[in-house]
Each structure stands twice: as structure tokens, then as C-alpha cells.
Amino acid sequence: MVRDNYAKIIGFNQLGDERGHLVVLEGSVDIPFEIARVFYIYGSDTDVIRGQHANKKSEFVLINVNGKSKVKIDYGDSKEVINLNEPHMGVYIPSMVWKDMYDFSSDSVLLVLSNMKYDSEEYIRDYQEYLKLLKGEE
Ligand code: TYD
């Protein structure tokens with residue numbers, strides 16, 4: 001697979017005033033897709049590794065709206081680690097990348113937006129299968 005689509009950090013506008021901060025996320029405006037699904041992860045211990053999968057079709061934007069976590073993104077031939085620690089920054093993750101979320105702070109609330117509704121069939125949970133599928137796309 002000749003990849004032209006990598007993870008991207010997205011900074012969101014903060015519409016704050018003396019009453020506090022406000023961040024607005026509109027599909028296809030602030031988020032690079034129409035939002036079909038929202039879920040959030042909290043209460044994970046610091047030694048827990050979540051994710052550990054790739055998705056054939058789903059794209060995601062991850063935002064730590066409270067606390068901190070890290071996401072390791074593995075493209076098969078290269079890796080990067082992104083620190084999620086600001087409620088006004090997100091990371092866009094394209095399909096067909098392997099991802100691990102870890103190092104959750106005890107107050108971490110990790111908000112995840114996706115372009116697709118949940119379909120367990122499009123999750124790849126075996127790393128060797130992921131590598132094989134990537135090769136097949138070359
Ligand atoms: P899982 O994919 O293991 O979470 P993560 O990879 O983000 O750590 O999902 C945990 C459980 O929740 C699993 O039984 C599938 C279910 N689930 C849904 O039903 N819908 C969803 O959108 C997601 C993300 C998970």
C-alpha cells in the first residue's frame with residue numbers, strides 16, 4: 001500500500017470567554033468527515049492498553065477532553081506516538097492503521113468520533129493479518 005494518508009493533529013478553536021471554554025466540532029468543518037458515531041473511554045488504569053486494532057473503513061478523531069493519554073499509531077512500516085493532553089486538540093486517524101491507546105491518567109476521558117457506525121467485521125484485531133492486508137493493497 002502506498003500510503004498518502006497519515007495521522008494529523010487538529011487544533012480546534014476555543015470560543016472561550018469569562019464563563020469558560022467552548023469547543024465546537026462540526027462534521028466536515030472541524031472534523032474531516034461527517035460524524036456517524038461518538039464514544040468515549042474513561043476509567044482505564046494506567047497500565048491498560050486499549051485499541052490494539054486497525055479498521056478497514058473507520059476513520060477516527062481522538063480528543064482527550066479531560067486528562068491525558070497517548071496513542072501509538074503503527075503504519076506497518078513506521079510508527080509515531082501522539083500525546084493527547086489538551087481538550088482543544090485532536091488527532092485524525094485514517095483507516096488501515098494499527099493503534100494502541102495507553103498511559104491513561106486517572107481522570108482521562110478520551111472522546112472518539114468516527115465516520116462510521118460500529119461494524120465489528122471491519123475491525124482487524126490480529127496484527128499479522130493487518131500486515132498481510134496492507135501488503136495485499138500494495
Ligand atoms: P473495543 O473495540 O475493545 O474498545 P477499544 O478498542 O476502543 O479499547 O470495544 C469494547 C467493546 O465495546 C466491544 O465489545 C465492542 C463494543 N463496542 C461497540 O459495541 N461499539 C463501538 O462503537 C465500540 C468502539 C465498541
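This report walks through selected residues of a predicted model, from its salt bridges to its surface.

## Ground rules

Residues are numbered from 1 along each chain as its sequence is written, and side-chain values use heavy atoms, with hydrogens and water left out. Because the model is predicted, local features need pLDDT of at least 70 and side-chain atom pairs count only at pLDDT 80 or more, while totals for chains, interfaces and linings use all residues.

## Salt bridges

How many salt bridges does a search of the whole structure find? The search finds two, where a salt bridge is a side-chain nitrogen of Lys or Arg within 4 Å of a carboxyl oxygen of Asp or Glu. One of them joins the side chains of Asp17 and Arg19, with an N to O distance of 2.6 Å. Asp17 is partly exposed at 35% relative accessible area, and Arg19 is exposed at 73%. Here buried means under 20% relative accessible area, exposed over 50%, and partly exposed in between (1.4 Å probe, protein chains only).

Asp103 and Lys70 form a salt bridge too, at 2.8 Å from N to O. Asp103 sits in the loop between β8 and β9 (109-114) and Lys70 in strand β5 (residues 69-74), so this pair ties together parts that are 33 residues apart in sequence. Strands (E, at least two residues) and helices (H or I, at least four) are DSSP runs, numbered from the N terminus. Both partners are partly exposed: Asp103 has a relative accessible area of 37%, and Lys70 has 26%.

Asp100 lies in strand β8 (residues 98-102).

A polar atom of the Asp100 side chain does lie 3.5 Å from the backbone nitrogen of Gln52. Beyond its neighbours within four places in sequence, Asp100 is in contact (heavy atoms within 4.5 Å) with Ile49, Arg50, Gln52, Lys70, Val71 and Lys72. Lys70 in that list is also the salt-bridge partner of Asp103.

## Two histidines

His53 is found in strand β3 (residues 50-55). Is His53 buried or exposed? His53 is buried, with a relative accessible area of 10%. Its side chain makes a polar contact with the side chain of Asn55 at 3.4 Å. A polar contact is a pair of N or O atoms within 3.5 Å; within protein, one must be able to donate a hydrogen and the other to accept it, and residues adjacent in sequence count only if both atoms are side-chain atoms. Leaving out residues up to four places away in sequence, His53 touches Val97, Trp98, Lys99, Tyr123, Ile124 and Arg125.

His88 belongs to the loop between β6 (79-84) and β7 (89-93), and is partly exposed at 24% relative accessibility. With the same exclusion of residues up to four places away, His88 touches Ile10, Gly11, Phe12, Gln14 and Val23. From C-alpha to C-alpha, His88 and Asp100 are 21 Å apart in space, while 12 residues separate them in sequence.

## The loop between β1 and β2

Asp30 has its place in the loop between β1 and β2 and is partly exposed at 25% relative accessibility. The Asp30 side chain reaches the backbone nitrogen of Glu26 at 2.7 Å. Not counting residues up to four places away in sequence, Asp30 touches Ile10, Phe12, Val24 and Leu25.

Ser28 lies in this loop as well, and is partly exposed at 45% relative accessibility.

## Backbone angles

Most residues other than glycine have a negative phi. Ser28, which is not a glycine, has a positive phi of about 65°. Asp103 is not a glycine either, and has a positive phi of about 55°.

## A nonpolar surface patch

Which residues form a nonpolar patch on the surface? They are Ile35, Val38, Tyr40 and Tyr42, with about 440 Å² of accessible area together. Accessible areas come from the Shrake-Rupley method with a 1.4 Å probe, and for residues only the protein chains shown count as cover. Patches are made of residues with over 30% relative accessible area and no salt bridge; like charges are joined within 9 Å, and nonpolar side chains (Val, Leu, Ile, Met, Phe, Trp, Tyr) within 5 Å.

Ile35 is found in the loop between β1 (8-11) and β2 (37-42). Ile35 is partly exposed, with a relative accessible area of 32%.
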